[in-house]
Amino acid sequence: MNQKVNLDEIFEIKSGYHLARRMDDLEKGDNEQIVKVLSNKGFRIDDELEINEEEINVGSIGEENFTHENDIILTTIVPVKSRFITKEDEGILIPTGFMVLRVKDKTKYDPEFISYLLNYKGIQQQLLLYSGDSTIPRLTKKNLHEVKFTLPDIEIQKKYATLIRMINMRIQIKEKSIENDKLLTTGLLEKALGI
């Protein structure tokens, strides 16, 4: 049975870590490490995360500021994009420009399905409405609390998440094949021209 829910009923919503404001604290101390930081470029839907490596003092950064399996990372600038975090994507520092959504009850809500749902055009239109009227529309944590949508029961969420994941994998394979064919065409032309 479908249910109407607010995003904040499903998730703990946390803003990204503000590295620029905290650089003085991060530079002090002897707990410096190379840390994976989500790039401002972020990601495209279903693509790999773009990551930078930075040497910072991690002593003042809490564990909640890093990605965990089953998180959803959400860009704050419209158009909003969301991405589900897998086991392989754990331990990446989430900077400003992103929010992290952590599911409260995995027995009722499938974060992977909801991540796909957040990229759906009907939900995207709603996110745009909540993003304000500034020159660069942006979602805030407060606005995100107001987002409502309808969800099917957990079994349907899981079933459709699996189907969508498989379709996206097929799309990625086709896109890589097309890219390889373009490279092959370029290579043939260069070989024909003696380049």
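The legends below go with several close-up views of this predicted model.

Being a prediction, the model is read with limits: local features need pLDDT of at least 70, side-chain atom pairs count only at pLDDT 80 or more, and totals for chains, interfaces and linings use all residues. Residues are numbered from 1 along each chain as its sequence is written, and side-chain values use heavy atoms, with hydrogens and water left out.

**View A. An open, four-stranded antiparallel sheet.** The strands run in the order S2-S7-S5-S6, with antiparallel pairing. At the edges sit strand S2 (11–15) and strand S6 (82–84), each pairing on one side only. On average, neighbouring strands are turned by 20° against each other, direction ignored. Helix H3 (residues 111–118) packs on this sheet and touches S2, S5, S6 and strand S7 (98–103); the direction of H3 makes about 160° with that of S6. Helices (H or I, at least four residues) and strands (E, at least two) are DSSP runs, numbered from the N terminus. Two strands pair if DSSP finds at least two bridges between them, and contact means heavy atoms within 4.5 Å. Axes are lines fitted to C-alpha atoms, for helices over the stretch in contact, and angles run from 0 to 180 degrees between N-to-C directions.

**View B. Strand S5 and its two partners.** S5 pairs with S6 in the antiparallel sense over three bridges, and a hairpin of six residues joins S5 to S6. Here Leu74 has Ser82 of S6 as its bridge partner, while Ile72 stands opposite Phe84 in S6. Towards S7, S5 makes four bridges, again antiparallel, and Ile72 has Leu101 as its bridge partner in S7. In a regular strand the side chains alternate between the two faces of the sheet. In S5, Ile72 and Leu74 point one way, Ile73 and Thr75 the other, and all are buried. Buried means under 20% relative accessible area, exposed over 50%, partly exposed in between (1.4 Å probe, protein chains only).

**View C. Asn70, with a positive phi.** Asn70 is found in the loop between strand S4 (51–57) and strand S5 (72–75). Most residues other than glycine have a negative phi. Phi of Asn70, though, is near 80°.

**View D. Salt bridges.** A salt bridge is a side-chain nitrogen of Lys or Arg within 4 Å of a carboxyl oxygen of Asp or Glu, and by that rule the count comes to four. Among them is Asp89 with Arg83, at 2.8 Å from N to O; Asp89 is buried at 12% relative accessibility, and Arg83 is buried at 13%. Lys87 and Glu90 meet at 3.3 Å, N to O, and Glu90 counts as partly exposed at 30%. Arg165 and Glu112 bring their closest N and O atoms to 2.7 Å apart. Arg165 lies in helix H6 and Glu112 in helix H3, so this pair ties together parts that are 53 residues apart in sequence. Arg165 is partly exposed, at 33%, whereas Glu112 is buried, at 8%.

View E. Gln157 belongs to helix H6 (residues 154–193) and is buried, with a relative accessible area of 0%. Leaving aside neighbours within four places in sequence, Gln157 is in contact with Lys108, Tyr109, Asp110, Phe113, Ile114, Leu151 and Pro152.
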